[in-house]
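Reader: I am new to this structure and would like to go through it step by step. Could you show it to me, and then take my questions in turn?

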Amino acid sequence: MNDCIFCKIVAGKIPSTKVYEDEDILAFNDINPARPVHVLVIPKKHITSLASVTREDTLVLGKILAKANEIAIAQGSPDGFRVIINTGRVGQQEVPHLHAHIVGGPDPVGPMLKRI
Ligand code: AMP
Ligand code: ZN
């Protein structure tokens, strides 16, 4: 997609610090990390969000999750990590290209959400 920042990263038009890549997915460091390990894993194909996936996207979605542990360990989070996929307005997704945040590091990442 022309105007999509993460599609531009896939195309190499915007620089990123890649930590994993295969034919379907790309992982790179978040530019504004919230934890010592903060990697974004994206499908190379433009998918706007989890709210717009189709059956055809099943394989790539599985790959994103299946690679998370390997990426987390390689980046310095050997004892677990958290995966976050913000979706749409309520999920407060800022970049409209599906991405999984992998956050971690040496210490626990903190509470999941404030209770209501
Ligand atoms: P979200 O709120 O889930 O859409 O998160 C978007 C994430 O993308 C944020 O954590 C940003 O810091 C990150 N981000 C935005 N632009 C870039 C970029 N050019 N390279 C790496 N990460 C980025
Ligand atoms: Zn895109």
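Author: What follows is a set of questions and answers on the strands, the ligand and a few single residues of this predicted model.

Reader: How many of the residues of strand β5 are buried?

Author: In a regular strand the side chains alternate between the two faces of the sheet. On one side of β5 lie Ala100, Ile102 and Gly104, on the other His101 and Val103, and both faces are covered. For the strand as a whole, which spans residues 100-104 and is mostly covered, the number of buried residues is 5 of 5.

Reader: Which residue of β5 stands opposite Leu40?

Author: Strand β3, made of residues 37-43, runs antiparallel to β5, and 5 bridges join the two. Within this pairing, the residue of β5 that faces Leu40 is His101.

Reader: Which residue of β5 stands opposite Arg82?

Author: Strand β4, residues 82-84, also pairs with β5 in the antiparallel sense, and this pairing extends over 3 bridges. The residue of β5 that stands opposite Arg82 is Val103.

Reader: With the side chain of which residue does the side chain of His38 make a polar contact?

Author: His38 belongs to strand β3, and this strand is joined to β5 by bridges. Because its relative accessible area is 7%, and buried means under 20%, His38 is buried. Its side chain makes a polar contact of 2.8 Å, and the partner is the side chain of His101.

Reader: Is Val37 buried or exposed?

Author: Val37 is found in strand β3, and its C-alpha atom is separated by 10 Å from that of Asp107, which is 70 residues apart from Val37 along the chain. Its relative accessible area is 4%, and since the cut-off is 20%, Val37 counts as buried.

Reader: Which residues come nearest to ligand 1?

Author: Ligand 1 sits in the largest pocket, and there are 16 residues around this ligand. The ones that come nearest are Asp30, Glu94, Val95, His99 and His101.

Reader: Which element gives the largest share of the shell around ligand 1?

Author: Ligand 1 sits in the largest pocket, and the elements that give two or more residues to its shell are α1 (5-10) and β2 (25-29). The largest share, 3 residues, comes from α1.

Reader: What percentage of the area that ligand 1 exposes when taken alone does the protein bury?

Author: Several polar atoms of the protein lie by oxygen atoms of ligand 1, including a polar side-chain atom of Asn86 at 2.9 Å and a backbone N or O atom of Gln92 at 3.5 Å. A polar backbone atom of Glu94 is 2.6 Å from an oxygen atom of the ligand. Taken alone, ligand 1 exposes 510 Å², and the part of this that the protein buries is 86%.

Reader: Near what value is phi of Gln92?

Author: Gln92 is found in the loop between β4 and β5, where it counts as exposed because its relative accessibility is 63%, and exposed means over 50%. Most residues other than glycine have a negative phi. The phi of Gln92, by contrast, is positive, and its value is near 55°.

Reader: What distance separates the C-alpha atoms of Asn2 and His46?

Author: Asn2 has its place in the segment before α1, and at 72% relative accessibility this residue counts as exposed, since exposed means over 50%. Asn2 and His46 are 44 residues apart along the chain, and their C-alpha atoms are separated by 10.0 Å.

Notes:
Residues numbered from 1 in each chain as written. Chains lettered and ligands numbered in written order. Predicted model: local features only at pLDDT ≥ 70, side-chain atom pairs only at ≥ 80, totals over all residues. Heavy atoms only, no water. Buried < 20%, exposed > 50% of the residue type's maximum accessible area, 1.4 Å probe, protein only. Helix = DSSP H or I, 4+ residues; strand = E, 2+ residues; numbered from the N terminus. Pairing = 2+ DSSP bridges. Near = heavy atom within 4 Å. Polar contact = N/O pair within 3.5 Å; in protein donor to acceptor, adjacent residues only side chain to side chain. Areas by Shrake-Rupley, 256 points an atom, 1.4 Å probe, with all protein chains shown as cover. 1 Å grid on protein atoms, 1.4 Å probe; cavity = no way out; pocket = protein on both sides within 12 Å on 5 of 7 lines; lining within 4 Å. Sits in = over half its atoms within 2 Å of the grid points.
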